[in-house]
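Student: Could you show me how to read a protein model, one feature at a time?
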Amino acid sequence: MKMALSLARRGLGVTWPNPAVGCILVNNGQIVGRGWTQPSGRPHAETVALAQAGNAAKGATAYVTLEPCAHHGQTPPCSEALIKAGVARIVGAMEDSDARVSGRGFEQLRNAGIAVETGLCAQEAAQLNAGFFLKTQFGRPLLTLKLALTLDGRIATRTGDSQWITGPNARRAVHMMRARYDAVLVGAGTVRADDPSLTVRGLGISHQPVRIVVSQGLNIPTENTLAKTAQEIPVWLCHGPNAPLERKKAWGSKGAQLIACESSESGLDPLSLLNNLGSKGLTRVFCEGGGTLAASLLNADLVDRLVIHTAGVVIGGDGQAGVAALDLDVLAHAARLKLVSHRKLGDDIEHVWERS
């Protein structure tokens, strides 16, 4: 099962809207088939492993990180494929939360006379596909917020100079994280200030995450890197209901996809934003700020994971804050997170936090 989970992780960032699943087939103590969910979500992990195993699948045990699907979609159910192949035993990490499956896959397998065991490495499997479960249960993707900060919590000097706060090791780690998410999310201020490409670079991979910009009024220039590359790598612009028509037409002509979201008193409604992204099939979103967007998401309690890269730099209180004002008067009302991991990245420190 540990090996199946390792295989499943290869699909993170490329299998959406499907979960990233791994499957190992074992017969007489030998691995006869391995598979993981392929890009765009198919073929499924079980199908790949069965194809590799061939006749050796008969009488084998299948270790699967998620309940095999039991519904007819663009491909036949994996439960039927496992039954047809003559698999004798299924060890599944956990039940699927998708209403079309949710227990039906395991039930079909048991009804066919296959021994089914569940719960092995369930916690690891749940964490692996936390974004998929959030989407199927609550309609929104998992959100990770990443901030690169000075020791005094700043993301830029008073003039807006921010390149580079952290060193090359931390920046490479960010590219590795981008590669394992469905999309990269930033605010309009970041686009105006930095003209980022928001792509994965230096890792030798072919796929790229969707690039998403939050801009209430679409007040971002159309002569920038995102606009110039929107035909090759998807750009989604999340805007308010009153965004000017001419701005929508301008960005539409560049190839960007426009997503209308609800507004709140302080700007674009963050829950509406994430629900819209979930409806588009996204399961994992990697937000890289800036400060206003970070504050909005934190205030709405929508940050599932917080990654902080801290550099040994101090620029003072007149620098731009990593998180904009949260209007907190009482310390007890501040969100409390639990530390999950920390490591050294060159001269910088990475610490990862999750909901407590």
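Tutor: Gladly! Helices (H or I, at least four residues) and strands (E, at least two) are DSSP runs, numbered from the N terminus. Here, H44 sits in the loop between β2 (30-36) and α2 (45-53), while C69 is in the loop between β3 (61-64) and α3 (78-85). This is a predicted model, where local features need pLDDT of at least 70, side-chain atom pairs count only at pLDDT 80 or more, and totals for chains, interfaces and linings use all residues. Residues are numbered from 1 along each chain as its sequence is written, and side-chain values use heavy atoms, leaving out hydrogens and water.

Student: Where does UniProt place the feature "binding site"?

Tutor: UniProt positions are given in the numbering used here, feature names are shortened, and annotations may be inferred rather than shown by experiment. The unreviewed entry puts this feature at H44, C69 and C78. They span 35 residues in sequence, yet no two of their C-alpha atoms are more than 9.1 Å apart, so they gather at one spot.

Student: Does H44 count as buried or exposed?

Tutor: Buried means under 20% relative accessible area, exposed over 50%, and partly exposed in between (1.4 Å probe, protein chains only). H44 has 18% relative accessibility, so H44 counts as buried. C69, at 9%, is buried too.

Student: Which residues does H44 touch?

Tutor: Contact means heavy atoms within 4.5 Å. Not counting residues up to four places away in sequence, H44 touches N18, T37, C69, T75 and C78. With neighbours within four places in sequence left aside, C69 has contacts including H44, C78 and V101.
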